[in-house]
Amino acid sequence: MTARLATIDRDRLAALIDRERAAYQAGFPRSRDAFAAAGNHLLGGVPMTWMRMWPGGFPLYHATAAGARLTDLDGHEFIDFCLGDTGAMAGHSPAPVQAAVSRRYGELGGATTMLPTPDAAWAAAELTRRFTVAHWSFTLTATDANRWAIRLARQLTGRPKIAVFSYCYHGSVDESFIVVTPDGPRSRVGNVGAPVDPRETTRVMEFNDPDALDRELAHGDVAAVLMEPALTNIGIVLPEPGYLDAVRELTRRHGTLLINDETHTFSAGPGGCTAAWGLEPDMVTIGKSIAGGIPAGAYGLTAELADRILADPAADIQDTGGVGGTLAGNALSAAAMRATLGEVLTGEAFDGMIAVATRFTAGVQSVLDRRGLPWSIVQLGARAEYRFCPEPPRTGGQSEAAADTELDEYLHLYMVNRGILMTPFHNMALMCPATTDADADAHTATFAAAADELLG
Ligand SMILES: Cc1ncc(COP(=O)(O)O)c(C=O)c1O
């Protein structure tokens with residue numbers, strides 16, 4: 001271990017970014033041309049505006065994908081650690097999901113009918129086995145799972161607000177775009193067309209600070225704390241020992257419900273952090289990966305809460321009460337969920353994914369240690385992420401302060417130019433059942449080369 005920490009020469013970094021940008025522009029001509037030809041009818045030139053966040057001036061265009069591999073229009077093959085920012089945590093097009101989807105859509109016929117299929121009940125029972133809460137309802141996205149869980153929490157408690165952690169991300173949930181600042185809470189920068197100032201709907205505090213949570217809940221107006229048991233959208237911020245116990249004790253004491261959003265923390269194991277760490281949430285929300293990339297989300301609640309909401313004459317959860325979606329719970333998503341949970345993202349698969357992530361993390365750590373790079377890496381089961389600060393951050397605010405867009409761009413481009421795809425919004429890597437030790441080692445070698453060029 002090197003005692004002295006290395007410093008980054010910003011001029012060298014700028015020159016390296018220029019070089020990598022030029023290599024990217026030259027290396028992926030078909031993607032570049034497809035982007036240029038996309039015309040004026042896509043907002044921002046992409047199917048969904050987040051796709052503009054890929055560095056290099058244009059996104060790669062996806063041609064084919066299987067398991068942990070993706071190819072672009074030019075025929076380059078990538079080791080995919082992005083995995084659709086968790087949507088493809090089961091790997092791309094795993095065989096059991098392919099079979100279930102083609103059987104449902106082709107052989108049996110009918111993707112969406114407003115009628116149940118037995119697959120949904122199977123998936124709900126499996127989610128209960130994994131995440132403990134007793135009753136489940138389905139959505140198409142994790143965002144909707146969170147939105148509807150929040151509505152139920154308000155109805156159940158008769159309280160108007162929710163509480164979230166600074167720099168959390170729970171999808172495009174209006175209430176969640178709020179951060180802590182020295183001058184008090186404020187709307188997150190760039191919050192698009194907020195329906196109301198989020199201070200009217202939301203209390204916010206830093207993660208790992210039980211006193212702050214106690215203070216906010218003491219107002220007595222918070223229906224639910226919506227949280228990831230570890231933050232994963234501002235680097236990975238792990239809970240300190242005892243913190244999640246304190247969260248549970250405080251929420252109970254203040255009559256506030258606890259919603260675990262396991263959409264990303266599912267990486268911790270087959271039952272996410274809820275099972276891995278023995279948590280006792282009142283509700284669980286999840287999405288992205290549970291149907292092998294076919295749109296599906298879910299929210300679950302305890303038997304006691306389910307009985308209460310079903311018996312509430314003032315809660316219209318069947319028609320136009322603000323909870324539900326025409327395609328939610330559709331037959332195609334349900335078939336894909338059953339195959340994904342039953343045959344792909346199994347306990348055994350998680351054992352393998354976590355072992356590869358452990359190797360990935362150790363590889364990056366050894367690169368950092370040998371070179372004295374002032375960065376850190378944090379692992380959460382099958383996922384790992386590096387951050388540009390010497391110690392892993394303990395709050396969202398600290399992690400945000402460690403953001404470095406130049407280093408992000410350099411590392412992303414360096415990787416993609418050498419066949420490795422990382423998540424564009426952060427330096428996150430996720431393992432799927434098909435990711436191998438050799439894939440993790442390939443990343444370590446490329447990361448070491450990037451670090452060596454940076455340090456000169
Ligand atoms: C923790 C968490 N919850 C919910 C969501 C929303 O997922 P989706 O965009 O698929 O609705 C995300 C998306 O990144 C997330 O990270």
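The model is predicted. The ligand is surrounded by 13 residues, and helix 5, which spans residues 142-157, gives the most to that shell. Helix 5 also meets helix 9, made up of residues 303-311.

**The shell around the ligand**

- Among the 13 residues that surround the ligand, the closest are Thr 143, Asn 233, Asp 261, His 264 and Lys 288.
- Helix 5 supplies three residues of the shell.
- By residue class, the shell has eight polar, three charged and two nonpolar members.

- Asp 261 has a side-chain N or O atom 2.6 Å from a nitrogen atom of the ligand.
- His 264 has a side-chain N or O atom 3.2 Å from an oxygen atom of the ligand.

**Helix 5 against helix 9**

- The axes of helix 5 and helix 9 come within 10 Å and cross at roughly 75°.
- Helix 5 is therefore roughly perpendicular to helix 9, since angles of 65 to 115 degrees count as such.
- On the helix 5 side the contact is made by Leu 152, Gln 155 and Leu 156, and on the helix 9 side by Leu 305, Arg 308 and Ile 309.
- The residues of this contact divide into four nonpolar, one polar and one charged.

Definitions and conventions. Residues numbered from 1 in each chain as written. Predicted model: local features only at pLDDT ≥ 70, side-chain atom pairs only at ≥ 80, totals over all residues. Heavy atoms only, no water. Near = heavy atom within 4 Å. Polar contact = N/O pair within 3.5 Å; in protein donor to acceptor, adjacent residues only side chain to side chain. Helix = DSSP H or I, 4+ residues; strand = E, 2+ residues; numbered from the N terminus. Nonpolar A, V, L, I, M, F, W, Y, C, P; charged D, E, K, R; others polar. Axes fitted to C-alpha atoms, helices over the stretch in contact; angles between N-to-C directions. Parallel < 35°, antiparallel > 145°, perpendicular 65-115°, else oblique. Contact = heavy atoms within 4.5 Å.
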